[in-house]
Amino acid sequence: MKHLLSVLVRNHYGVLSHVSGLFTRRGYNIDSLSVGETDNPEYSIITMVVNEEPKMVRQIEKQLYKLVDVIKIEDLTQKESLQRELVVLTVETNRANRQEILALVEVFKGIIVDMTDSAVMIEMSSNPRRIETFIKVFSEYNIMQIARTGTIALEFPSGRSRKENSKESK
Amino acid sequence: MAKEKKNNTKNENVPEKTGAKIVIDTLLENGVKDCFGYPGGAILRVYDTIFHTSELKHYLVRHEQGAVHAAEGYARATGKLGVLITTSGPGATNIMTGLADAKMDSTPILAITGQVGTYEIGTDAFQEVDTYGMTIPITKYNALLKSPDDAARVTKEAIAVALSGRPGPSLIDFPKDVQNGLSSNYKDVKMRIPAFHVEKPEISGSVDEIINAINRSAKPVLYVGGGAVISNASRNIIELAEKAQIPVVSTLTGLGAFPGDHKLSLGMLGMHGTAYANKAVMECDFILSLGARFDDRVATNTEDFAKNAIKAQIDIDSAEIEKRVNVDFFISGDLNDVLQKINPQIESVSKSPWAEHVQKLKIAHPLAFDEGGSEIKPQQLIYELWKKTKGEAVIVTDVGQHQMWTAQFYPVKHPRQFICSSGLGTMGYGLPAAIGAKVGVPDKDVILISGDGSIQMNIQELGTAKMYNIPVKIILFNNGYLGMVRQWQELFFEERYSHSTMSGNPDFIKLAAAYDIPGKTIVSKKEIEEGLSFLLSSKGPCLLEVSIPWEEKVFPMIPAGRNYENMIEYEHKKDKGSLVSIIPHNPQK
């Protein structure tokens, strides 16, 4: 089962090695990973997607809590959360397919970032599932280059109980 | 960053110190009095500071692995932090085994390793290795100290994390230029790690359910682990066991947390546990783990372990709860605090048919071995040692058959009295750990029990024992084999003894003599008394070599991965003399 973990850590050298090490030693793969500073530069959020048994994920969560740089872990899998990824790709174009490609970009609400007479660079941000579909659709054409971020996620404020919110504000 | 600068200006009147001096002074402020180590190029400033610091006693070992195991032995014998100092590169890689060992057995140690200058890190400089990266999975806390301004804070954090909660190893990687660099930022420095990493956790979980389960169960067992020693819970465990008449089984690291000679003690359980301990676990209807982790040497088969019992677990490390074996109830928190809460609500039992049944199990299934001819049986010698020392000596072992025989036949009475490498099974741990233990508890007799395989893995530490005249008493069982390997080859590999014979062994007595350490060899039963007298009356370090038959095996034994019903109690061979039965966990008492 896919789990989406959001880990609040001290923004500090080595923290990513410590966190990812808990997965490598067990032979688990991290499907996607994204790290970024929070509004407070002392802290970062590591967002990761792992595909493992729930019992194993619980065990890793507990092990993560033992790392001195880890402050908080949230499993967003069971919660209402907004999930976003970004993909950028360059597709080969010619006169015959250019209009078709531009129309598809429109359908997916993508952005054309650059264009030549033989290629077009597209940027698209959405939930992981739509990103998958987007890539699948464009793989009908010749994708010359592709880059994709990991998932970032945040729990919806409207999805949280009042109790949790008030606890947080303390 | 802004905060730090402010600190520096505030401390303008504070005299500057070198990074090395700040670290050493922080150790002293935290009560560190002894350390073990080995100097080298990248740690010379620290050693120069030690030269001027008479309050810190430093023991020079002969190999860095010796330093880390000595620090472990010191920590295990005292409950205090064990400290070691080595240089960069090979100095750091040589302590890896010991760090992993300390992580496994939850031993609080602090390693300070030299590192090349910060400006040279990553250039493959002389004696450079990525100590920080290499120690991530085998430390509880590690840091690359990048500025002398951080020296006091990082040292404080390393010490606090090593000692708090479930203890473990910390490491500070200390670059040369940071050792030399000056800072005035060392007074009243605050730690920067989240508080929950160093504070005692609150008690949470099914307290009432566990109290009810204890009161209602007809056939309960307490399963005691290393956490019981660390949490100083002995007194409360004895109270709980006596109040409700609950028999007690122990893991290897838990030995001594409950007195081995207590009527309710069944000794060690698991792969080489006593038959009565294992049978009690098979028959019990409730098993309560006290700071133990259901590891694979205890719960040899996770599905079948105590399969008729309600299982409950108390541990300070909530990651241990249900890591291998599922439990019905758990409490996370400090064991001693939890027991203080539970004990008043436990109903007193004056007579328990179950406890009496367990006494009968002891008599029906004692520890046993073939008497043999004139040769010395290791079990006999250990039991004689136990009697002669009244069970009061601090016992350190290496790893292998001798370790298991000692766990079986020397039932220790007190916590911190039995010290060995349990989780990692590190051969070569014994001699340096015994040296460290003796430094930590100089008023107690420290006896190392080792084997001819294990002792050769760190035998160079005889030099350390001699140099400081540290009176470790060594019993060396010599069977000319890697005994435990040989035992498995005999039982599971149809007697194909692949590379387990130790031909080429030195004359250990001559070797000890070369270090000016007195030694004695005994080969026959008649000499046991004389040999032990030699050992116990020696003033300095000494070696008693005991020649034992190579075919002697450790029983009982549960083959790896099998359940308790597959336990082999002992193999009696009629041509090897009559059967000797011993119940070290005295039922008469």
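**Exercise 1. In this predicted model, find how far apart the centres of domain 1 of chain B and domain 2 of chain B lie.**

Step 1. Start with the bounds: the domain assignment of chain B places domain 1 at 2-197, domain 2 at 204-361 and domain 3 at 373-548.

Step 2. Take the centres over C-alpha atoms; for domains 1 and 2 of chain B they are 37 Å apart.

Step 3. Now look at where the two meet. Domain 1 of chain B brings seven residues to the contact, and domain 2 of chain B brings six.

**Exercise 2. Work out which three residues supply 64% of the area that domain 1 of chain B buries against domain 2 of chain B.**

Step 1. Begin with the total: about 520 Å² is buried between these two domains, with 60% of it on carbon and sulfur atoms.

**Exercise 3. Find the salt-bridge partner of B:Arg166.**

Step 1. Two salt bridges are counted between domain 1 of chain B and domain 2 of chain B.

Step 2. A salt bridge needs a side-chain nitrogen of Lys or Arg within 4 Å of a carboxyl oxygen of Asp or Glu. B:Arg166 pairs with B:Asp317, and their closest N and O atoms are 2.9 Å apart.

Step 3. Finish with the residue types. On the side of domain 1 of chain B that touches domain 2 of chain B, two residues are nonpolar, two are polar and three are charged.

Notes: Residues are numbered from 1 along each chain as its sequence is written. Chains are lettered from A and ligands numbered from 1 in the order in which they are written. This is a predicted model: local features need pLDDT of at least 70, side-chain atom pairs count only at pLDDT 80 or more; totals for chains, interfaces and linings use all residues. Side-chain values use heavy atoms; hydrogens and water are left out. Domain bounds come from an automatic or database domain assignment. Contact means heavy atoms within 4.5 Å. Buried area is the accessible area (1.4 Å probe) that two parts lose on being put together, summed over both. Ala, Val, Leu, Ile, Met, Phe, Trp, Tyr, Cys and Pro count as nonpolar, Asp, Glu, Lys and Arg as charged, and the others, Gly among them, as polar.
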